[in-house]
Amino acid sequence: MKQITRYIFALAAIILFSTGTMAENTATVIKQINGEAAGATNPGEVAYSNGTITVTPSVGYYLTVADLTVVKALDGQNAEARRRAPGIDEPIALTATDPGADPSGVTTYTFTVLDTMYDYVITANFHTRTSVEGATVTVLGGPYTYDGTAHKPDVTVALGDVTLTKGTDYDVYYADSINAGTGKITIVGRRTYNGVITDIQYTINKAKASVQFVNHEFTAKIGEPFTMPKVTSDPPNLPITYRSSDSGVATVNAETGEVALVAPGEVYIYAEFEGNADYESASDYFTLTVLQRDIDPIDEDVVIIWKDEDFIIIGPDGKPVERKLDNTVIYDILFTLDITGDPSESDGYDETEHCIVLNHPMTKFDIDYVLSQEYVPGTDMYADDYTGLTFKVPAGRGYVIIDSSTDGEHQMMVKIGDLEPIAFNHTEREKDSVLYECSAPTWVYVYNGGKVGNARMLSNHRAKKDRGHVKIFSITRSSSSGTGIEYINSEAVEETDRWYDLQGNRINRPTKKGVYIMGDQKVIVR
């Protein structure tokens, strides 16, 4: 009987296989979303081939190995339900090909096919990915200061009571993380999370810069070279520009820092870095005291004529600027002119005729007061009270020769030391020779003496520079008069000189003003 039964089962099996009821190792897929039937929604694709399941979730969905169930089937029915053999209803063990793979991406899972007589029913339970866009993001760290490196602060991302894990639940991307300004962070959900969080910002402050002179106090004299002190910067090689607080005292080339001394006074020279995208502005300065140059006696037989470059300097902007002549030495001649008010009415240098114009007069009271105060030429007090030219002649005998003209109403005065001044008034240019004889270096004063015969004239009177009350074209010191006539103060007449009147009679010395012969020279005694 048992043998007959075996034959019956064998025959049934033969019949089953021959009639096509045997399994072919295929799979039926059932899709779910969060444990519910997917219906018309397609959360992803599931493909099976000989023990390998390939899952491709649609956008917004994910699936892990725990969400995939595989059971055996025969003729489309669950094989485990038939309980054909002990243990047949146990789940088939699946293995993820890449356990670390992103469950929202294409992933493969495998199991071992031991019995090809079965088909399979695959239940894929897809889950909806959770958006991070409602999460709270906290930036850990900052603000930062620019140092040339990237600053990338950590963040925490909390979605409700759940703190997400960086690299598992989200990725972090940084932009503008090096330069000063606003760094930007972007959070992108991954794996079981999706969505993007933008506009997360943090601050990178500008770094402090420094500009530093090695020293901060300097003294220089006009006419002598002055070297700009060394300036350093941190970071090195910052673009630095230079400026002067008073271009009337000293100018400075904005790019090179080369300083040109203009007139006595105190000035601040600045080195400035205006700042840039990554560094704050910085500056430093030094104090420069500009002194009058030493005034030596003017050279003998050197004709001092005026040149534009002596009186016109090039300013920091590249434009010509008139040198301030209110207390300045050029060619050992001290210029203390009145340059206040309208430039056309003040004293100064005339570029057209290349001459010094003296429009501001000095009365006899004015000059006597200056000398009584014993001011030292070159000091501020002297410049405040004396208007004109001042220079020295050495000890000995010689001539001061001045090429000048006046407007016919005003007179040029030449005063040597304590002697009475000698007046000159001629509308045409002439060279006037004034004899000096002194035992020590002596100051010579040349100034506008005011209107002829008007000793009470107000000292604030003005004239147009283009007209010019007194014009001085050159000054010379020589051992000879250089002209056919010379002028001398009556106080300077020496009895030892050979004096003659115009009739040829020798006299001991002139006793009154007039024209005389001294040696071979015609002399006017004032």
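Predicted model: local features only at pLDDT ≥ 70, side-chain atom pairs only at ≥ 80, totals over all residues.
Most residues other than glycine have a negative phi, and most peptide bonds are trans. Against this background, the peptide bond that leads from Gly142 to Pro143 is cis, with omega near -5°. Pro143 belongs to the loop that connects strand 12 (136-140) with strand 13 (144-145). A cis peptide bond is also present from Asp234 to Pro235, where omega is near 5°. Pro235 is placed in the loop between strand 22 (231-234) and strand 23 (241-244).

Positive phi values occur at residues other than glycine. Asp301 is not a glycine, yet its phi is positive, at about 60°. Asp301 is situated in the loop between strand 27 (282-291) and strand 28 (304-305).

An open sheet is formed by 4 strands in the order 3-4-9-8, with antiparallel pairing. Strand 3 (44-49) and strand 8 (95-96) are the edge strands of this sheet, as each of them pairs on one side only. Strand 8 runs antiparallel to strand 9 (residues 107-110), and the two are joined by 2 bridges. Within this pairing, Thr95 has Thr110 of strand 9 as its bridge partner.

Ile30 is located in strand 1 (residues 27-33) and is partly exposed, its relative accessible area being 39%. Apart from neighbours within four places in sequence, the contacts of Ile30 are with Val121, Ile122, Thr123 and Ala124. The C-alpha atoms of Ile30 and Asn125 are 8.4 Å apart in space, although the two residues are 95 residues apart in sequence. Ser474 is part of strand 41 (residues 470-478). Its relative accessibility is 5%, so Ser474 counts as buried. When residues up to four places away in sequence are not counted, Ser474 touches Val303, Ile304, Ile305 and Trp306, together with Ile401, Ile402 and Asp403.

In helix 4 (residues 364-372), the buried residues are Asp366, Ile367 and Val370. These residues lie on the same side of helix 4 because they cover an arc of only 90° around the axis. An α-helix has 3.6 residues a turn, so residues three or four places apart point the same way. The buried residues of helix 4 pack against helix 5 (380-385), and also against strand 37 (410-416) and strand 40 (442-451). On the face turned away from the buried side, helix 4 carries the exposed residues Lys364 and Phe365. Glu374 follows helix 4 and has a positive phi, near 55°.

Key
Residues numbered from 1 in each chain as written. Heavy atoms only, no water. Buried < 20%, exposed > 50% of the residue type's maximum accessible area, 1.4 Å probe, protein only. Contact = heavy atoms within 4.5 Å. Pairing = 2+ DSSP bridges. Arc of directions from axis to C-beta.
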